[in-house]
Amino acid sequence: MEISLREIIGLEIHVNQENCGFLRVVLIKDANGKVAGILNDNKKFFSVENIALIQRSVILSSCELGTSEGKNWLGLKVETRSGKRKGKVSNVFFDENLTQVKKIEVKKKILGFFNKKIILPSNLIFEVQKNKIIIIDDTQKAVEIKLAPSGA
């Protein structure tokens, strides 16, 4: 089972039955896709090592705070090592424990409309820079989906 970032943003975070706000950001450490932790709406950092359950809310077994290392991948530009632009990250899919990125969804705009969506497995990610994700040029494993002109 995979967890979609778009589906979990906004879920309540609970620690020992206490509401600790809402999930706003999942921070990812590096190109290997290891999740560093989550931020709530008050930018308080929670380690994902303590996640016990994700259903209608995120349940943490304990509240270990730390420094928020990592990056929010949503909205980052995606291009190949040879410089071919693929679009921007529109969604990230994680394993069921929210510890590892499994794939990313990239949408490309042409003339102001999203016309193409690509699903890239995480093993195609070569490097994560400040403003972009670099993928290997061999994208034969990518799944391309054409969107209707009004698709967003």
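I began with lysine 77 and found its place in strand S8, which covers residues 77-80. Keep in mind that I am reading a predicted model here. Lys77 also belongs to a positive surface patch, together with Arg85, Lys88 and Lys109.

Next I turned to salt bridges. How many does a search of the whole structure find? I noted three. One of them, I take it from the side chains, joins glutamate 2 and lysine 103, with 3.1 Å from N to O. Glutamate 2 lies in the segment before strand S1 (3-4) and lysine 103 in strand S10 (residues 101-110), so this pair ties together parts that are 101 residues apart in sequence.

I stayed with lysine 103 for a moment. Its charged end sits over the ring of phenylalanine 93, 5.3 Å from the ring's centre. I then looked up arginine 81, which lies over the face of phenylalanine 126, at 4.0 Å from the ring centre.

Last, I checked ring against ring. I can report zero aromatic pairs in the structure.

Note on methods:
Residues are numbered from 1 along each chain as its sequence is written. This is a predicted model: local features need pLDDT of at least 70, side-chain atom pairs count only at pLDDT 80 or more; totals for chains, interfaces and linings use all residues. Side-chain values use heavy atoms; hydrogens and water are left out. Rings of Phe, Tyr and Trp (its six-membered ring) pair if their centres lie within 6.5 Å; planes under 30 degrees apart count as stacked, over 60 as edge-to-face and the rest as tilted. A charge sits over a ring if NZ of Lys or CZ of Arg is within 6 Å of the ring centre and within 35 degrees of the ring normal. Patches are made of residues with over 30% relative accessible area and no salt bridge: like charges are joined within 9 Å, nonpolar side chains (Val, Leu, Ile, Met, Phe, Trp, Tyr) within 5 Å. Accessible areas come from the Shrake-Rupley method with a 1.4 Å probe; for residues, only the protein chains shown count as cover. A salt bridge is a side-chain nitrogen of Lys or Arg within 4 Å of a carboxyl oxygen of Asp or Glu. Lys and Arg count as positive and Asp and Glu as negative; His and the chain ends are not counted. The place of a charge is taken as NZ of Lys, CZ of Arg, CG of Asp or CD of Glu. Helices (H or I, at least four residues) and strands (E, at least two) are DSSP runs, numbered from the N terminus.
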